[in-house]
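Welcome! Take a moment to look over the sequence and turn the model around before reading on.

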Amino acid sequence: MSEAAAGHAQPLIIVVSGPGGVGKGTVVDALIARDPQLWLSRSWTTRAQRRGEPDEAYTFTDRATFEEHIAAGGFLEWTEFLGSYYGTPIPAPEAGADVVLEIEVDGARQVKAVRPEALLIFVLPPTREEQERRLRHRGDAPDRVVARLRKAEDEEPIGRQLADHIVVNDDVEATVEEMLALIERARSRRSAGSGEPDDPSSTATQSRD
Ligand code: 5GP
């Protein structure tokens with residue numbers, strides 16, 4: 001009997017990526033709150049915990065421990081982003097759950113390389129100004145803000161190319177609704193036996209700005 005027929009289909013991997021300051025975290029939190037079948041992966045990072053950042057935002061670790069975990073094959077993907085390591089541990093969701101990763105574009109590319117059936121949703125900001133405003137209010141030092149803004153500019157064209165779907169986050173509620181619909185479609189395709197994401201021509205919501 002196939003895994004799917006036995007009711008243990010491989011979890012769908014939903015990659016939510018996008019340049020810094022697009023509001024990925026807010027959107028992902030809302031997705032998880034809305035769909036109990038979604039399981040959020042907790043990344044590892046060597047970056048310092050920000051003031052006010054919850055302990056469970058990441059598994060905060062040091063470079064030596066992170067590198068040991070790389071060597072042990074413990075990551076689905078990992079990258080170095082602005083001088084810190086970030087990585088997704090091999091996912092271990094509850095049975096029947098689908099996996100959500102909130103990661104930057106290099107990690108998204110790696111996941112697509114090993115799991116081409118993963119659903120990659122790339123989130124864009126409604127406007128540059130809003131993106132900048134969000135990046136500036138994160139509690140990073142000013143030089144880090146500048147570095148993050150530059151990095152975000154580099155990430156956008158790469159993500160646009162990689163994505164199965166592009167969503168413009170001008171309204172969190174509308175963005176979440178659209179993403180839940182995309183996830184449902186991917187689940188239906190999986191049940192129907194075709195794991196591949198849609199035609200790569202992306203669907204983009206229109207910014208209302
Ligand atoms: P931040 O320092 O703002 O929390 O995260 C910086 C960037 O790293 C964000 O774009 C975030 O989505 C991404 N990121 C977080 N966790 C991971 C991960 O496990 N792997 C990769 N590749 N990127 C991650």
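Which residue is the bridge partner of leucine 40 in strand 7? Valine 100 is that partner. Before going further, please note that this is a predicted model, in which local features need pLDDT of at least 70, side-chain atom pairs count only at pLDDT 80 or more, and totals for chains, interfaces and linings use all residues. Residues are numbered from 1 along each chain as its sequence is written.

Strands here are DSSP runs of E with at least two residues, numbered from the N terminus. Leucine 40 belongs to strand 2 (residues 38–40), which pairs with strand 7 in the parallel sense over 3 bridges; two strands pair if DSSP finds at least two bridges between them. Strand 1 (residues 13–17) also pairs with strand 7 in the parallel sense, over 4 bridges.

Finally, find the largest nonpolar core, with 38 residues. Such a core is a set of buried Ala, Val, Leu, Ile, Met, Phe, Trp, Tyr and Cys residues joined through C-beta atoms within 7 Å. Ile14, Val15, Val16, Leu119 and Ile121 have the most contacts inside this core, and strand 8 (residues 119–124) gives the most to it, with 6 residues. The core lies between domain 1 (1–41 + 96–204) and domain 2 (42–90), because both give residues to it; these bounds come from an automatic or database domain assignment.

Technical notes: A residue is buried if 20 or more other C-beta atoms lie within 10 Å of its own, exposed if 12 or fewer, and partly exposed in between; C-beta atoms are placed from the backbone.
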